[in-house]
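Trainee: I have a chain open here and would like to talk it through. Can you take a few questions?

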Amino acid sequence: MTDPNTPSGPDTENMHAAPVEPAQTAAKNGAKPEAGNAPGWERATLEKLAMAALIEQRLARRWRNGIRLGWLVFLVMLVWFGMERGGASADISTPHTAVVKIQGEIASGSEASAELVVAAMNSAFEDKGAQAVVLLINSPGGSPVQAGIINDEIRRLKAQYKKPIYAVVEETCASAAYYIAVGADQIFVDKASVVGSIGVLMDGFGFTGLMDKLGVERRLMTAGENKGFMDPFSPQTDKQRAFAQSMLDQIHQQFIGVVKAGRGTRLKETPETFSGLFWTGQQAVDMGLADHLGNLDYVAREIVKAEDLVDYTRKDNVAERLVKRFGASMGEGAVRAIRSLPALH
């Protein structure tokens, strides 16, 4: 007999027959389901892994794009600076005053080297619009060889192009810088400029006395009697000192000859003129070492009659500096390799 209050039918049979899931039982009892038995955990894990991989790919792509953009900017800068050497373009037809700056130490590899200064002067003299060339000088001097090359080129360009060239001194025009300036037609200075120092020097140090007191022995091996006579740790003989002095005297006479040829009758020579002393701009004018007081604008406006200034100064561009640094590092590596070789026995 069937209880009238008991439901019957297919649903009733399914309800009695359906087993209870462990997860549901655990949930009813207040216990957490195990991770391995959580519904949909495989899908959630795969989604997390896929999202992490996607984020990593995006970051890697951005990093690669950033590096590529950086290299592109770098190459564009190299091309830009490689095309522009700091000088003016040729054939500027408008009348102007060409300016070539000689600043800092005059030496091979510097911005005041004969290579860069001569290249700038050639461009300035060749330009049909340049009414005159002005050497704007602010240098304490440097190599007599570099200065001699520039001075010779000044005289050659003046004879070829029949164009005037003036030297305008800012702060300093001493030693090798003055060697260059005397090649100009006229020299203009400020009353407080430093001018002169017509002399030659060779400097160094000697530590032989100190080494004797410390008990240090210098072991220098040379092939040739005078090969190491400039070594600061070896004594210098009278013969070697006389030889070095004769070299300095010869270069000094070359310097004096260039000054006399450049200044001519304007030079008021005194016993101190070629002694290596230097003077103010006003004193230099009084002594005939310079011609007039005046700055760059004054010379362009009043002497050249062309107020527009065009700078022809050559400078190493970024690409050239990188190449030189790379070459220097390669040279340093070669020197280290040579030094690592076993010494002669």
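What follows is a short exchange about the chain shown above.

Mentor: Go ahead, but keep in mind that this is a predicted model.

Trainee: Fine. How many helices and strands does the chain have?

Mentor: There are eleven helices and eight strands.

Trainee: And what share of the 345 residues is buried?

Mentor: Buried residues account for 31%. The accessible surface is about 22900 Å², and carbon and sulfur atoms make up 58% of that.

Trainee: What about contacts along the sequence, how many join residues at least 24 apart?

Mentor: Counting contacts between residues at least 6 apart in sequence, 73% join residues at least 24 apart.

Trainee: Let's go to H8. What span should that helix have, and why?

Mentor: H8 covers residues 238-263, which is 26 residues, so at 1.5 Å a residue it should span 38 Å. The C-alpha atoms at its ends are 37 Å apart, which agrees.

Trainee: Which residues of H8 are buried?

Mentor: Gln240, Ala244, Leu248, His252, Phe255, Ile256, Val258, Val259 and Arg263.

Trainee: What covers them?

Mentor: The cover includes helix H5 (144-161), helix H6 (176-181) and strand E4 (186-189).

Trainee: What is Arg263 in contact with, leaving aside neighbours within four places in sequence?

Mentor: Tyr178, Val182, Ile187, Gly288, Leu289, Ala290 and Asp291.

Trainee: And what happens just after H8?

Mentor: Gly264 comes there, with a positive phi of about 60°.

Trainee: Changing topic: how many aromatic pairs are there?

Mentor: The count is four. One of them is Tyr166 with Phe188, an edge-to-face pair with 6.1 Å centre to centre and 75° between the planes.

Trainee: Where do those two sit in the chain?

Mentor: Tyr166 is in strand E3 (residues 165-174) and Phe188 is in strand E4. They are 22 residues apart, and the pair links distant parts of the chain.

Trainee: Is Tyr166 buried or exposed?

Mentor: Tyr166 counts as buried, at 9% relative accessibility. Phe188 is buried too, with a relative accessible area of 1%.

Trainee: Which residues make up the cluster that ring pairs link?

Mentor: Tyr166, Phe188 and Tyr298.

Definitions and conventions. Residues numbered from 1 in each chain as written. Predicted model: local features only at pLDDT ≥ 70, side-chain atom pairs only at ≥ 80, totals over all residues. Heavy atoms only, no water. Helix = DSSP H or I, 4+ residues; strand = E, 2+ residues; numbered from the N terminus. Expected span 1.5 Å × (residues − 1). Buried < 20%, exposed > 50% of the residue type's maximum accessible area, 1.4 Å probe, protein only. Contact = heavy atoms within 4.5 Å. Phe/Tyr/Trp six-rings, centres within 6.5 Å; stacked < 30°, edge-to-face > 60°. Areas by Shrake-Rupley, 256 points an atom, 1.4 Å probe, with all protein chains shown as cover.
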